[in-house]
Amino acid sequence: MEALDGNAIAGPLMEYFGSEMTTASGACRHCATVSEIAELAVYMPGLGAVARCPTCGKVVMVLVTIREELRVDLTGFALT
Amino acid sequence: MSPISRGFSGRRRAEVDPSRVPPGQYVTRDFPVLSAGPTPHTQLDAWSFTIQGAVAEPVSWPWKEFLELPSETFTTDIHCVTKWSKLDTSWKGVSVDTLLTGVDTSVGYVTAFSDGGYTTNLALEDVTGGKAWVAYEFAGERLEPEHGGPARLLVPHLYFWKSAKWVRGLTLTPDDEPGFWEGYGYHNHGDPWREQRYQGD
Amino acid sequence: MARAALPGRLTWQLATVVEVAAETAQTSSLVLDAPKWGGHHAGQHVDVRLTAEDGYEAQRSYSIASAPEDRQLVLTVERLEDGEVSPYLVGELRAGDELELRGPIGGYFIWRQADGGPVQMIAGGSGIVPFRSMLRHRAAVGSSAAVRLLCSARSLEDVIYREELEPLAAGDEAFDLRFTLTREWPEGWTGHRGRIDQALLEQVAFKPADQPLTYICGPSGFVEAAAGWLVAGGHDPRHIRTERFGPSGA
């Protein structure tokens, strides 16, 4: 499955945060590289969306929808 | 419910015996490729499968030895939590019972771990008694990387996210430790016949 | 943090299909009447949600092909051979049907007049869709920003919007439009042949010294290769914006 990018999760992020998030930047907590959310490598296997740092490839953000409730885990990504 | 889209029915559904289709599932003839990350490309001469954790002694097989283990060829149905089911899929692999032969443990859970960092948790009783394999062939061919090759865990009686692609081993644990998707709310057990998709189901 | 449930801009709304117009053999434009639409920026997209009678849902994102100034909202959809949603949108949907969508979405891959130029657009196949919105917007506001669009397609018949964009470019000195055809080309074709590569980019794209804003849209592999070549050629990565399509997206 080829990676998409953070544009692919722009809708759910806007739904959750109430504002446009793809131009927000953050630091990968594994390698400290700062990227805009639009630049993250995003995989969407149906169970959720997994966003990875474009530099080190480690998971920085995960979105899942459980019983119609969206959950956003940003613990790998320090929003700047 | 959202308004109905006239004439939309999703993928063409195969006509099948409903008793083979768990609740909420649709049978497909495709084999969707769904991954949480890029396909790893571990070289076979660097590959090994390891049983570790709460065991008296860890055990490990490099690729060539792994292929020499007694294997089984079988056909089974698989069910993905994203609602597709694929019937009569054929596999070849080593039974987890074979891999656990002689492994001394008193704990009841395992965490399967894979190249790329993926994990999933299972009860030991869900991977023993002829219910689980480490599979390296699908439909008579070597398992393709995008479908989990060189080898993937195969636990067909549970939702397919438990059948970890690119599996490299099992860690035996005293407690049920949520793996990647389970930590986000997917079910620790995952029985498609009881529609255990999410924690609490 | 309590989930923000903001009303208005990102709620699902119903649009009525006015027309499904074929663009190429594999793509069609959905012309929509969306009474609750609040406007958009060129380059943004919508999420479309389909619901079957048994409640089964599928959701996809599609770039908006219309400019903010256009009266009707237009989406252009490429039919994917093994697709679940695109064959329905391109093959079954008809005038009078309702389509559930939400948007506009995206703030990264947009071009506004104030962004200026020069602008380099690089499109792979249906990656040209957001650029149509940007080019129509540029024309509507009378911007003189220099723009170059390089579009890669399998054949001339697969170039979306050719009949619309060629006259636009012909009448505008500041708009350079060119195609590269990768599988077949007409006899006597004087345009480019073969896939985009570093040499072609060095030949036709703005130079790093021009300090262009660069937008690249298309399949993931295409986008990554093009971005890599531009950066290798000295372009500032901070001025390159990318949008990847995939089988699961537009």
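Residues are numbered from 1 along each chain as its sequence is written, while chains are lettered from A and ligands numbered from 1 in the order in which they are written. Because the model is predicted, local features need pLDDT of at least 70 and side-chain atom pairs count only at pLDDT 80 or more, whereas totals for chains, interfaces and linings use all residues.

**Stop 1: the two domains of chain C**

Select residues 13-105 of chain C, which form domain 1, and then residues 113-245, which form domain 2. These bounds come from an automatic or database domain assignment. The C-alpha centres of the two domains of chain C lie 24 Å apart. Where they meet, domain 1 contributes 16 residues and domain 2 contributes 13 residues; two residues are in contact if their C-beta atoms, placed from the backbone, lie within 7 Å. The domain 1 side of this contact divides into 6 nonpolar, 6 polar and 4 charged residues. In this classification Ala, Val, Leu, Ile, Met, Phe, Trp, Tyr, Cys and Pro are nonpolar, Asp, Glu, Lys and Arg are charged, and the others, Gly among them, are polar.

**Stop 2: the parallel sheet of chain C**

Next, display the strands of chain C as a cartoon. Six strands form an open sheet with parallel pairing, in the order β10-β9-β8-β7-β11-β12. Strands (E, at least two residues) and helices (H or I, at least four residues) are DSSP runs numbered from the N terminus, and two strands pair if DSSP finds at least two bridges between them. At the edges stand β10 (192-193) and β12 (240-245) of chain C; each has a single partner strand, so one side of each is left without a neighbour in the sheet.

Select β7(C), residues 119-124.

From β7(C), step across to β8(C), to which it is joined by 6 bridges in the parallel sense; here C:M121 has C:L149 as its bridge partner. A further step leads from β8 (residues 147-153) to β9 (residues 175-181) of chain C, a parallel pair with 7 bridges. Within that pair, C:L150 is partnered by C:R178.

Return to β7(C) and move to β11(C), where 5 bridges join the two parallel strands. Highlight C:C217 of β11(C): C:A123 stands opposite this residue, and C:C217 also stands opposite C:E243 in β12(C). The parallel pairing of β11(C) with β12(C) extends over 6 bridges. Of the 7 residues of β11(C), 5 are buried, so this strand is largely enclosed by the rest of the structure.

The axes are lines fitted to C-alpha atoms, for helices over the stretch in contact, and angles run from 0 to 180 degrees between N-to-C directions.

**Stop 3: where chain C meets chain A**

Show chains A and C together. Here 20 residues of chain C are in contact with 19 residues of chain A. On the chain C side, β6, α5 and β12 each supply at least two residues, and the largest share, 3 residues, comes from β12(C). By class, this side has 6 nonpolar, 9 polar and 5 charged residues.

Then select helix α1 (residues 10-17) of chain A, in which 6 of the 8 residues are buried. The buried residues are A:A10, A:G11, A:P12, A:L13, A:M14 and A:E15. Their cover includes β6 (59-66) and β7 (69-73) of chain A together with β3 (45-51), β4 (57-63) and β6 (98-105) of chain C. After the helix comes A:G18, with a positive phi near 75 degrees.

**Stop 4: chain B**

Finally, select chain B, which has 2 helices and 11 strands. Buried residues make up 37% of its 201 residues. Its C-alpha atoms fill a box of roughly 60 × 35 × 30 Å, taken along the principal axes. In the contact between chains B and C, chain B provides 12 residues and chain C provides 17 residues. The chain B side comprises 4 nonpolar, 5 polar and 3 charged residues.

Key. A residue is buried if 20 or more other C-beta atoms lie within 10 Å of its own, exposed if 12 or fewer, and partly exposed in between; C-beta atoms are placed from the backbone.
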